[in-house]
Each structure stands twice: as C-alpha cells, then as structure tokens.
Amino acid sequence: MSLRLIVLAAAAALLLIAPALAQTPAPAGPTLKTIRARGHLICAGSDPLPGFAQVDAKGIWTGFDVDFCRAVAAAIFGDPSKLEFRALSGDARFAELQTGDIDLVARDADWTMRRDTRYGVSYVASIFYDGQGFMVPTSRNIVSAYQLDNLRLCVLDQSDQLANLQEFAFVNQATYSEVLYEDREDLAVAYSKGLCDAVSAPASWLNAIRRGMDDPGRQRILPERISKSVFGPVVRQGDDQWFKIVQWVAFGLIDAE
C-alpha cells in the first residue's frame, strides 16, 4: 500500500469523522483525548512477519499492519509519521490493549466469537482473510493439495492446525507423517533444510517462509485452503467514539483500494 493511498484514505475517513466530532457537544472520548495529549498513536501488530510487519535497513517499520496504523495516525493528526509501532508476540495480545499501554492492535489474532466477547476488546472490521494451506518444492511437480500423499509434513504443534490437517487427510484418504514444531521459525528452518517434504501453515506464514528462502521461485504455495480465518483491527471495549474512528479508517482504505 503506497503512502499516497494511506493519506488519501485517511483523509477521506477524517472528512467523515471530523464534522461529527465538531458538531457534537460531547468532548473527545478517553482514547482520542489520550492520543492527542501524547502526540502520537501507539499501534501494535503481529510479531515481525514479512509483508505485514518488518524493519527495513533504516530501522523503519513497514508492511500491511504498519500501513494500517499509519492511516489511523493520519486520520487523527494529518500526519502518518506520528506513530509508535510495536510488534506483539502471540503470547501478548490483549493485556497491553486492556491496560492502555497501546491504543490499537492492527492485525494479530484471528477474529473469533471467544476473543470478541471474553477479553474486553472489540474487533472493528475485516481487513484480511487467511487460511491454512501447503507449500512444496516445485521440483515435486505437485500443483494441488489433493496430490499430497506419502509425504513428511512440517506443521505447528497446535490443536487447530493439526486438526485441520488430519481432517483434510482423512477426507482425501491421504497418508503423511507429521513433523511437529512449536514455533513458526522452526517450520521455516526445517522446511528449508529438507527435514520435511512439505509444510502446512496459514498462507500468510507460507508467503513469509518463501520470501525468506534463498530460492523462493522454486517453492509453490498450493491453491487449496483447509481453513478460513478473518483478521482485523482490535480496540478496547467501552469507547464507541474510538471504535468508530478506527472503523471508518478501515472503510476508507477499503474504498480507496
């Protein structure tokens, strides 16, 4: 997403937001008031993941998550650079949001009813769709997941990803041996070193793994998805004004695209 598009989309959202804020006698909500007093937005995303949040050679954060944060900063201040971006691990998502240490999570945990109702946070809008898939070396001449059989498959040792894989294999009567790991980085190392014949993970992860390999053109991400996940920005519950501001920035970006 280009900086020009971010500014245009955020400006469109600001035009929609500003009159409403100006016409109402109510003061700025607690989140907006805190951000303006601080002078910058504190926005978080997934832990470093190529394409979504990565640091370039100049130490500047770039990627899909960072661009969304910049758009929100532009809507508030008219300046996308008034942003502090933080990368959160999967073990630290909502606590920092609940305590006010951060103002917004751009995209991290997928949107589920449990997360949207039990942790004092609210998902704002859908901005990214993902799903578990497969990647294989092109040398295997496999073009569909339905051709997978008698392979060693690297997969994360998580109940949902394992269950998706096992159900897919059962339905399609495919045989495979699981090569289990605890971390996404382990999947990348194991697959690149040939410890497995294929890797199964969310498509966003597969793209990140492929981008980090010496020979990305020799890897094929197969078209089938065996799950579906929805991602979007998350805010604290209880501040409707802030929810609407972030929501309209998301709508503005989607409309601008």
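Student: What makes N150 count as exposed?
Tutor: Exposed means over 50% relative accessible area. In this predicted model, N150 has 61% relative accessibility, so it counts as exposed. You'll find N150 in the loop between β8 (132-137) and β9, and its phi is positive, about 55 degrees, although it is not a glycine.

Student: Why is Q173 called exposed?
Tutor: Set its value against that cut-off of over 50%: Q173 has a relative accessible area of 63%, so exposed is the word. Q173 also has a positive phi, about 50 degrees, without being a glycine, and lies in the loop between α6 (159-171) and β10.

Student: Why is strand β9 said to be largely enclosed?
Tutor: Buried means under 20% relative accessible area. Five of the six residues of β9 (residues 151-156) are buried, so the rest of the structure largely encloses the strand.

Student: How do you know that β9 and β10 pair?
Tutor: Pairing takes at least two bridges between the strands. β9 and β10 have six bridges, in the parallel sense. R152 stands opposite S177 in β10.

Student: What makes R152 and D197 a salt bridge?
Tutor: The rule asks for a side-chain nitrogen of Lys or Arg within 4 Å of a carboxyl oxygen of Asp or Glu. For R152 and D197 the closest N and O atoms are 3.0 Å apart, and the pair is a salt bridge. The two come from distant parts of the chain: R152 from strand β9 and D197 from the loop between α7 (184-192) and β11 (198-202), 45 residues apart.

Student: What about D67 and R70?
Tutor: Their closest N and O atoms are 3.4 Å apart, and they form a salt bridge. Both lie in helix α3 (residues 64-77), three residues apart, about one turn of the helix. D67 and R70 are both buried.

Technical notes: Residues are numbered from 1 along each chain as its sequence is written. This is a predicted model: local features need pLDDT of at least 70, side-chain atom pairs count only at pLDDT 80 or more; totals for chains, interfaces and linings use all residues. Side-chain values use heavy atoms; hydrogens and water are left out. Buried means under 20% relative accessible area, exposed over 50%, partly exposed in between (1.4 Å probe, protein chains only). Helices (H or I, at least four residues) and strands (E, at least two) are DSSP runs, numbered from the N terminus.
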